[in-house]
Amino acid sequence: MSKKVVANFKVEYWQILDANGNVIVGARHAMPLPMPRLSPDQIKELYELMLLTRTFDEKAFHLQRQGRIGTYLPVRGQEASQVGTAYALDKNDWVLPSGRDIGVCITRKLPLHMILQYRGGDERGVRVPEGLNIFPFTIPSSTHIPHCTGVAWASKLQRQKAVTMGYFGDGATSRGDFHEGLNFAGVYKVPVVFVCENNGYAISLPRAKQTAAETIAQRAFAYGFEGIQVDGNDVFAVYSAAKYAVEKARKGKGPTLIECVTYRMADHSTADDASRYRSQKEVAKWAKRDPIDRLGKYMRKNKLLSDKSKKALMEKIKEKVDKAVEEYEKIAPPQPEDLFKYTYAQMPEKLQEQMKELLGE
Amino acid sequence: MPILNMVETINLALKQEMKKDKKMIVLGEDVGRNGGVFRTTDGLQKLFGEERVVDTPLSEIGIVGSAIGMAVNGLHPVAEIQFSGFLYSPFDQIISHAGRMRTRSKGRFSCPLVIRCPYGGGIRGLELHCESPEAILSHTPGIKVVVPSRPYDAKGLLISAIRDPDPVIFFEPMRIYRAIKEEVPEKEYTIPLGKASIVKEGTDLTVISWGAMMRYTQEALAKTDYKAEIIDLRTISPLDTETIVNSVKKTGRCLIVHEAAKTCGLAAEIIAQINERALLHLEAPVERVTGFDVPYPLYKLEGHYLPDEKRILRAVERVMKF
């Protein structure tokens, strides 16, 4: 009689910057994690994208309060997780964002006014321009996870080099779609990177009650591929993990699950009140780990940011956001015919009749 | 001309389309090495390889969900869901995504996907192997629903479904997979989706059915002296209202036979269409013979659940003698 270990796995946690923007010097037994290869201009670009995401986010929140857009899901706190991952992609790569992934879409160059248009109840906002491989935001939390696998699978079968990156939250990992999508990705070894933005909450349910597993990253190993946990508020660590996973996928070496440990600083949505289920103390603790402040501190220490350049940058960003609002509000509302036009490639007779009924013809 | 059953014509259609369309992928449980539990995909993997004829894990959400992703990114997946009861788990994918992809991207993306699925009862099947969910799916915008009733139609309709730019659910009535053989041309041909077929012209009453019920309805009608106009819907969604209404205007009487449960079954919609468009032509209330509003039973009772000759003939008498 004997017993032996038949499977082994270890989950790594990646971090480069501490909360004060200092590069962490690894503890004695820690594995070294080098700084990602980013030029000063690229670091500035990451900072700008994160700041643009936050500024846009704040503006969108106010627009909702003023009734100028509909329900909105704030990003605040998750900028490094979103921008840092999307920044590792090439032009032809695919992204499948969840409803909160504004920073992903901004990084992938979806025009800002289109995001407002979508949140303003006009689906034309997610008629993503040709040449941008971005899926419309998925509102059910996890149903797009198998699509990520399918999109990546199609790239592989068509011998295209594109990598697919799919985004979802910690809550989504409890659903069956997560399991079936990741299992297929492992079996067919498709070029996909799954990004779980573990922001601590699924509306009111804390991460600890979502699963008894210690990490979300470890679930990848059950599907036969690698899972990495990163400090989701450290854009360098996030980017490093994403770059690693994207390159691996592009070389045909299969999927990766990246768990970005971050925090949803705002309410779940503009219809939610987070003070009902979490303490101010907890929020304050995470405020000290703010991803934008952290990169800002690093940049100041390395002479990449000054009061003067920050002020100029803020002005540039504010102008961009104001222009987007202006452009959004100039868009004429969709025509009633639009209700029917896109249901099928060719409008069936019954829809033609229903359209006539609506138009009073 | 070869004489083939429905399994063979479906197999032939898949082979011919795969040869022609390099973007077509077949995926599902046991479809590759085993050739499908009903052998509809027999030999495909040998011909086209494991990349294009894929044996998948037991995972219907995985099958339909990844097929949706493939379809958006340039491929033409033909997925098989092994039995109609297993279609319920990927309903969310079909309803929330396949049917909405074109709308929610305002035409940027589409989902040219076919889901083939053995369907209906009368085969002494296990629990949840004999479902008829066509009405639920017809209620869902953005998808098309097709049910052939004979080998010839199965081939032409399947080729049209594969070439269609929108998602199509293709139900294959298991009860007549091998029960009907007929001459089917070797070369490829299409039958347009959305067009019913008038199987037999008549003047006394219109009888509408589809799938396996066509055969049993026709056999029952052969025992009456009435001249029934028999319509095989072939496509359930979009419904060919024009053919139905024109026939009812001519006959003034109508009977609908389907296997699915009665309440909110497709007959209800057909009756509503007739009321809207041909009410004053009616000589009698439109009748329906359907399955009952109960879960599909195990096989000792399935003969009582399924519409049979006796119930069909009684309904014909009610319609004719009103």
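**Note on the salt bridges, interface and aromatic pairs**

1. Over all chains, the structure holds 36 salt bridges. The model is a predicted one, and every value below is computed from it. As background, side chains of opposite charge can pair when their charged atoms come close.

2. One salt bridge is formed by B:Arg277 and A:Glu353, with 2.7 Å between the closest N and O atoms. B:Arg277 is in helix H10 of chain B (residues 266-278) and A:Glu353 is in helix H14 of chain A, so this pair joins two chains. Both ends are partly exposed: B:Arg277 has a relative accessibility of 29%, and A:Glu353 has one of 36%.

3. A salt bridge within chain B is that of B:Glu17 and B:Arg163, where the closest N and O atoms are 2.8 Å apart. B:Glu17 sits in helix H1 (residues 6-20) and B:Arg163 in helix H7 (residues 151-163), both of chain B, so the pair ties together parts that are 146 residues apart in sequence. The two ends fall into separate accessibility classes. B:Glu17 counts as buried because its relative accessible area, 2%, is under 20%. B:Arg163, at 40%, is partly exposed.

4. The B:Glu17 and B:Arg163 pair belongs to a network: salt bridges link B:Glu17, B:Lys20, B:Arg163 and B:Glu188. Any check of the charges in this part of chain B could start from these four residues.

5. Which helix holds both B:Lys321 and B:Glu317? They lie in helix H12 (residues 309-321) of chain B, four residues apart, or about one turn of the helix. B:Lys321 is exposed, with a relative accessible area of 62%, while B:Glu317 is partly exposed at 28%.

6. Turning to the interface, 47 residues of chain A contact 45 residues of chain B. The size of an interface is often given as the accessible area lost when the parts come together. Here the area buried between chain A and chain B is about 3,700 Å², and carbon and sulfur atoms give 57% of that. Of the area that chain A buries against chain B, A:Phe184, A:Tyr342 and A:Tyr344 supply 17%, more than any other three residues.

7. How many salt bridges are there between chain A and chain B? The count is five. One of the salt bridges in the model is between the side chains of A:Arg159 and B:Glu51, at 3.0 Å from N to O. Polar contacts between chain A and chain B come to 25 residue pairs, counted where both residues have pLDDT 80 or more.

8. On the side of chain A that touches chain B, the elements giving two or more residues are H5, helix H6 (176-188) and helix H14 (349-359) of chain A. H5(A) gives the most, with nine residues. Sorted by class, this side of chain A has 22 nonpolar, 13 polar and twelve charged residues.

9. A:Thr143 is a residue to look at in the viewer. A:Thr143 is in the loop between helix H4 (112-119) and helix H5 (145-157) of chain A. Is A:Thr143 buried or exposed? With a relative accessible area of 0%, A:Thr143 is buried. The side chain of A:Thr143 makes a polar contact of 2.5 Å with the side chain of B:His97. Leaving out residues up to four places away in sequence, A:Thr143 touches A:Thr138, A:Arg175 and A:Asp177 in chain A, and B:Asp92, B:Gln93 and B:His97 in chain B.

10. For the rings, the count is 26 aromatic pairs over all chains. B:Phe38 and B:Tyr177 form a tilted pair, 4.9 Å centre to centre and with 55° between the planes. This pair links distant parts of the chain, 139 residues apart: B:Phe38 is in the loop between strand S2 (24-28) and helix H2 (44-48), and B:Tyr177 is in the loop between strand S7 (168-173) and strand S8 (182-183), all of chain B. B:Phe38 and B:Tyr177 are both buried.

11. Chain A has a ring cluster, in which ring pairs link A:Phe168, A:Phe178, A:Phe194, A:Tyr223 and A:Phe225.

Technical notes
Residues numbered from 1 in each chain as written. Chains lettered and ligands numbered in written order. Predicted model: local features only at pLDDT ≥ 70, side-chain atom pairs only at ≥ 80, totals over all residues. Heavy atoms only, no water. Buried < 20%, exposed > 50% of the residue type's maximum accessible area, 1.4 Å probe, protein only. Polar contact = N/O pair within 3.5 Å; in protein donor to acceptor, adjacent residues only side chain to side chain. Contact = heavy atoms within 4.5 Å. Buried area = accessible area lost by both parts, 1.4 Å probe. Nonpolar A, V, L, I, M, F, W, Y, C, P; charged D, E, K, R; others polar. Phe/Tyr/Trp six-rings, centres within 6.5 Å; stacked < 30°, edge-to-face > 60°.
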